Amino acid sequence: MKLWKDSGKKRMSVMLVISAVMVMLAAGLVSDIEQEIVTAASAKAYSYESLVGPQKEVMTVAYTNTVYNVRDYDTLCRIVEAEASGEDMVGKIMVANVILNRVAHEKFPDSVYEVVYAKGQFSPVSNGRINRVTPSGETKEAVERALSGEDYSNGALYFAARSYASASNMRWFDRCLTKVADHGGHEFYTI
C-alpha cells in the first residue's frame with residue numbers, strides 16, 4: 001500500500017496521514033501503534049529505533065508530512081552511510097536532507113527508495129557500495145535528525161564531492177545548477 005502520494009500531490013497533509021494511520025489501526029493492520037503517535041503526528045517525528053513490531057511498518061514524519069516505510073528508512077540510512085561515512089554529523093544530515101528534499105520536489109520520484117535508485121543518480125548505487133555498507137549509529141542518528149526536521153541544506157537537491165567526481169560531471173554541476181552550500185567534502189546545489 002503506497003501511502004505517501006495521492007493523485008500526483010507531492011505532500012500528504014497531516015490530517016490525511018493521521019486518517020490513514022487511524023484507518024490502518026481500525027482495520028487491525030497496525031494494531032500496536034500507540035494512540036499518541038496518531039494524535040501527535042503533526043508535531044513530532046518518532047524514532048524508528050523506538051518502534052517495535054508492526055509499528056516499524058509505518059513511520060509518520062513531520063519533516064515532509066510523509067509516511068515512510070522500513071524500506072525507505074533502510075535505504076536512507078544506507079545512502080547516507082555510503083555517501084557520507086567520513087563526514088561529521090552535519091555533513092551526514094545534509095546528505096539525508098538532499099534525499100528528503102528530492103522526495104518532496106515535483107521533479108523527482110515519490111519515495112526515498114525511488115529517489116536513491118533512480119538511474120545514474122548516486123555512485124554508491126552504480127558501484128554497489130550501498131549494498132556493502134552497514135549504517136553506523138552516527139549515521140542512524142543523522143537520519144533520525146533529518147527526519148525530525150533538522151535541515152542545513154538550504155533546499156539543496158544535489159550534492160557532489162569535487163575531489164572524487166569526474167571533471168565532466170563537475171562542469172555540469174557548475175554550469176547547470178546553483179551552489180547553495182559547502183560542507184566537509186561535499187558541495188550542495190539546487191536547480
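The model is predicted, so local features need pLDDT of at least 70 and side-chain atom pairs count only at pLDDT 80 or more, whereas totals for chains, interfaces and linings use all residues. Residues are numbered from 1 along each chain as its sequence is written, and side-chain values use heavy atoms, with hydrogens and water left out.

The structure holds eight salt bridges, a salt bridge being a side-chain nitrogen of Lys or Arg within 4 Å of a carboxyl oxygen of Asp or Glu. One of them joins R162 and E187, with an N to O distance of 2.8 Å. This pair links distant parts of the chain, 25 residues apart: R162 lies in the loop between β3 and α8 (167-176), and E187 in strand β5 (residues 186-190). Helices (H or I, at least four residues) and strands (E, at least two) are DSSP runs, numbered from the N terminus. R162 is partly exposed, with a relative accessible area of 35%. E187 also forms a salt bridge with K179, the closest N and O atoms being 3.3 Å apart. Salt bridges that share partners join R162, D174, K179, D182 and E187 into one network.

A further salt bridge, with closest N and O atoms 3.3 Å apart, is formed by E141 and R145. These residues are separated by about one helical turn, because they are four residues apart in helix α7. E141 is partly exposed at 39% relative accessibility, as is R145 at 27%.

Note on methods. Buried means under 20% relative accessible area, exposed over 50%, partly exposed in between (1.4 Å probe, protein chains only).
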